[in-house]
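Subject: Structure for your review

Dear colleague,

Please find below the structure that I am handing over to you. My notes on it follow directly after.

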Amino acid sequence: LPPLMRGMMSPSLDDFNEGIRQIIDDIHGVSRKPVIGPAPPAVREQTDTGYSPAATAIARLFVERTQNATYFDPMVSIQAIGEATDLSEDDVTDALYELNGMVEEHYGSIIPQPELYVAFDKHFKDWDPAADALTVAADLMNGTAPEHDPEDIAARFGWQPRRLNPAIAYLMNRKLIEYVTVLAMGPWVAIRLSKSDATRRFVKSRQ
């Protein structure tokens, strides 16, 4: 060490036995740092989503808590998000900024948008909304009715709204189908779906 630091780093021998013990520990590289506690969930349960561990932890929170993956389902306060994920307020703020477009803030609560489930369901559920969207689009193209009811589509595939809604949201948000929405749509993100030229091109491009 430089001369000026030698005195700072030299152990005190006021307690000879303790001083000798510290010298031996330093020689053998024994850390003086206390044992750290368990890692927070955001670090402990990492999944490679392409987003930061903090953003992934928040997205997973919504994926696990939602009932139908619709708008306002669920609404979680920023404080509750921090408590559930063990993230600091700054980390929550930065993660929500990273999830921009998939969540919205409303009077201190965070509202997930259906696109969040489009992006994250494939990491935490047994389905991939993008693949399901292709299945739905092909079903629309093969059908003879001009409009399709999501409940009928769900019945044909044996899916619950929780699975079908992200697939519909994938198609809606990319303007691959025509759709109708109203204020009260029950468990669905849209009440009527219909095919368009974009639907046909989408299906053909995936064949």
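Helices (H or I, at least four residues) and strands (E, at least two) are DSSP runs, numbered from the N terminus, and two strands pair if DSSP finds at least two bridges between them. The model is a predicted one, in which local features need pLDDT of at least 70 and side-chain atom pairs count only at pLDDT 80 or more, while totals for chains, interfaces and linings use all residues. Residues are numbered from 1 along each chain as its sequence is written, and side-chain values use heavy atoms, with hydrogens and water left out.

I begin with the sheet. V76 stands opposite I110 in strand 3. Strand 3 (residues 109-112) pairs with strand 1 in the antiparallel sense over 2 bridges. The sheet is open and has 3 strands in the order 1-3-2, with antiparallel pairing. Strand 1 (76-77) and strand 2 (103-106) each have a single partner strand and stand at the edges, so one side of each is left without a neighbour in the sheet.

Next come the helix contacts. Helix 4 (residues 53-65) packs with helix 5 (residues 78-85) at an angle of about 100°, their axes being 10 Å apart; axes are lines fitted to C-alpha atoms, for helices over the stretch in contact, and angles run from 0 to 180 degrees between N-to-C directions. Helix 4 is therefore roughly perpendicular to helix 5 (65 to 115 degrees). In this contact (heavy atoms within 4.5 Å), A57, I58, L61, F62 and R65 of helix 4 meet I81, A84 and T85 of helix 5.

The axes of helix 8 (residues 129-142) and helix 10 (residues 161-173) come within 8 Å and cross at roughly 80°, which makes helix 8 roughly perpendicular to helix 10. On the helix 8 side the contact is made by P129, A130, D132, A133, V136 and A137, and on the helix 10 side by R163, L164, P166, A167, Y170 and L171.

Among the buried residues are L164, A167, Y170 and L171. Helix 10 is followed by K175, whose phi is positive, near 55°.

With kind regards

How values were computed
Angles under 35 degrees count as roughly parallel, over 145 as roughly antiparallel, 65 to 115 as roughly perpendicular and the rest as oblique. Buried means under 20% relative accessible area, exposed over 50%, partly exposed in between (1.4 Å probe, protein chains only).
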